[in-house]
Structure formats: C-alpha cells, structure tokens
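Let's take a friendly walk through this structure, from its strands to the surroundings of its ligand. Have the sequence and the 3D view at hand as you read.

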Amino acid sequence: MTVDASAHLAAELIRDEPYYRPVGDEIDLFAAAYAGRLPVMLKGPTGCGKTRFVEHMAWRLKRPLVTVAAHEDLTAADLAGRFLLAPEGTVWHDGPLTAAVRLGAICYLDEIVEARQDTTVVIHPLTDARRALPLDKKGELVPAHPDFQLTISYNPGYQSAVKDLKESTKQRFVAIEFDYPEPAIEAEIVMREAGVAAALAGGLVDVGLRSRNLRGDGLAEGASTRMLIHAAKLVRGGAPLDAALRSAILLPITDEPDLREALAAAIAASLPEAARL
Ligand SMILES: Nc1ncnc2c1ncn2[C@@H]1O[C@H](COP(=O)(O)OP(=O)(O)OP(=O)(O)O)[C@@H](O)[C@H]1O
Ligand SMILES: [Mg+2]
C-alpha cells in the first residue's frame, strides 16, 4: 500500500498552550465528549473563539489537530483522498480526513455547512458505531484510530433552507454553544490578545455590544471579538483611534451608508475620542 506522507504533515501537534479564556463549561464538556469519542459541533457566530477553542482542546488533550476549511467546491475526495498520476503510475494520496483517521488526530471541519451535502455524508460512517472511513475508490475500509475525534463548526445565523446540514448529519453530533463573552471577559481577551490597556479594551467591547444591538436592523452580524482585537492591534501598532475603528470595524462590516452612520454613532458613544470618524 502506498500512502502519501504529505497529508500527514497537515496534522499539527500543538506544543505551546493556545490562549483560551473559558466562558462557561465548554472545556469540561468537550473533554467529556472526547472521552466518549463523541463527535462535537461548535455552534456560534463568527469570530467568537471556536477555532481558538479547538486549538486549545487539541493541546490540552495532547492530540494532533487537522483543520479543513469547508467551501462549496469541497468534494468527498478532497477530504478522503484520491489517486494521482506519478512517474511510477498512479499513487494514492490520503486526504486530510483520512490522515486524521489513521493518525488519531482531532479533525476540525470548519464551516461544514458550506460543503455540499453529498460531501458531508462521508463523515457518517465515522460518526456512528462503525467508526470507520470507507475509501471506495481504493477499496479500503480505514478503521478510525482509537484517539480519532471529529469536530465541526456551524454558524446558526447564516443557514438557509437550501444550505443546511442534513438532519441525519446534525443528529450525529453533540453541540456546544458559543457566543461573544460577557463584557468583562471580552475585555480581558482583547487586552491579552492585542496587548492594550483596560480602558481601550473596555471601550472597544462597548462598541462591540452596541454594534450587536444593531443586528436585525440590516446588520447581519455585529462586530465580533476578532474585529475588536483587530482595532486594538491597529492602535497598538500606532494608528490613531478613529482610523483604527474605521479600518477594523466600520469599513469591513457594511457598505450601507445608513448603517455606517448608525455604527459610527454607536462608536462615538462608546469611545468619544473617536468622534472624528
Ligand atoms: N474565549 C477566548 N479566548 C481567547 N481568545 C479568544 C476567545 N474568543 C475569541 N478570541 C479571540 O478572537 C479571535 C477570533 O476567534 P476564532 O478565530 O476562534 O473565531 P471563530 O469562532 O473560529 O470564528 P469563525 O466562525 O469566523 O471561524 C481569536 O483569534 C482570538 O484572538
Ligand atoms: Mg474559525
């Protein structure tokens, strides 16, 4: 059997603890799910810490992490593997999912709902009592390594009826809910991630809260923790506060003039120093 080694390089053993500030009981829940090798679904809006959490858990559980960003052209072969032409003939290349299954890694499928439903079903035999991955093209049934575990992310806000997981896929997972943390914790995260003072972090978190209140009034999402960190990093890098807020929050979030105005007003209310927006 020829198995390409390069796919295994996609697996990363995380040596240094990724900073993750727990918000609730998510660490214990994930650890319990992992102990039972249950597949986990992380539900929550963009930029709220899902990816950072998986990195932290892989480090904590001392398992390598294989991350795959799903997109609408992702095929089952992209996940499982394919034969490729080589000078010596056709050679099988494991996809990242197969590599994780063989190695006993945690496989994180990010934004799984982006993938087509016929791609998603390849995970079915791995996420029930079979715990095996059939490679039909290769005629091999790969039993999952005892340490293998599958985690997916899912943003409930973005789903439409056409783009949603099959019921039979959803029901294979235990879900852990994520959201933007309460203000004191979010400020702590912004301070730590961007290396800024408490006053600025607190003001930015207030911007985040006000922007999230505009959700529904045309704004699909408020400013995420990620965006607040970006703004803080710009300031830390020497940008004036108003320019930082404009570049990190106002411009990326909407092109709609009315919404921009509403958001600019929200920002000025939280951080009066940035009123020149
Ligand atoms: N609880 C937390 N502890 C530490 N850092 C956090 C936490 N929550 C958010 N962050 C910070 O916010 C950034 C964005 O988080 P992350 O990339 O994990 O978001 P996500 O939920 O995976 O978003 P997306 O759905 O867009 O992929 C991280 O890089 C990290 O700096
Ligand atoms: Mg992510």
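In this predicted model, Val68 stands opposite Leu109 in β5. The two strands involved, β2 and β5 (residues 106-110), pair in the parallel sense, and five bridges hold that pairing.

Now step back to the whole sheet. Its order is β2-β5-β8-β1-β9, an open arrangement of five strands with parallel pairing. At the edges you will find β2 (65-69) and β9 (174-177); each has a single partner strand, so one side of each is left without a neighbour in the sheet. On average, neighbouring strands here are turned by 20 degrees against each other, direction ignored. Helix α1 (residues 26-35) packs on this sheet, where it touches β1, β8 (149-154) and β9. The direction of α1 makes about 165 degrees with that of β9.

Next, a residue in one of those strands. Val40 lies in β1, which spans residues 40-43. Is Val40 buried or exposed? Val40 counts as buried because 22 other C-beta atoms lie within 10 Å, and the cut-off for that label is 20 or more. Setting aside neighbours within four places in sequence, Val40 is in contact with Phe30, Ala33, Thr151, Phe173, Val174 and Ile176. As for Val23, it sits 17 residues from Val40 in sequence and 18 Å away in space, C-alpha to C-alpha.

There is also an antiparallel pair to look at: strand β6 (residues 132-135) and strand β7 (residues 140-143) are joined by four bridges. Leu133 has Val142 in β7 as its bridge partner. Four residues lie between the strands of this hairpin, and Gly139 takes a positive phi near 65 degrees.

| Strand pair | Sense | Bridges |
|---|---|---|
| β2 and β5 | parallel | five bridges |
| β6 and β7 | antiparallel | four bridges |

Finally, the ligand. Which residues come nearest to ligand 1? Of the 19 residues around it, these are Thr46, Gly49, Lys50, Thr51 and Arg52. The elements giving two or more residues to this shell are α2 (50-60), α7 (183-194) and α9 (225-236). Sorted by class, the shell around ligand 1 has eight polar, six nonpolar and five charged residues. Both domain 1 (6-177) and domain 2 (183-274) take part, with at least three residues of the shell drawn from each.

How values were computed
Residues numbered from 1 in each chain as written. Chains lettered and ligands numbered in written order. Predicted model: local features only at pLDDT ≥ 70, side-chain atom pairs only at ≥ 80, totals over all residues. Near = placed C-beta within 6 Å. Nonpolar A, V, L, I, M, F, W, Y, C, P; charged D, E, K, R; others polar. Domains from an automatic or database assignment. Buried ≥ 20, exposed ≤ 12 C-beta atoms within 10 Å, placed from the backbone. Contact = placed C-beta atoms within 7 Å. Pairing = 2+ DSSP bridges. Axes fitted to C-alpha atoms, helices over the stretch in contact; angles between N-to-C directions.
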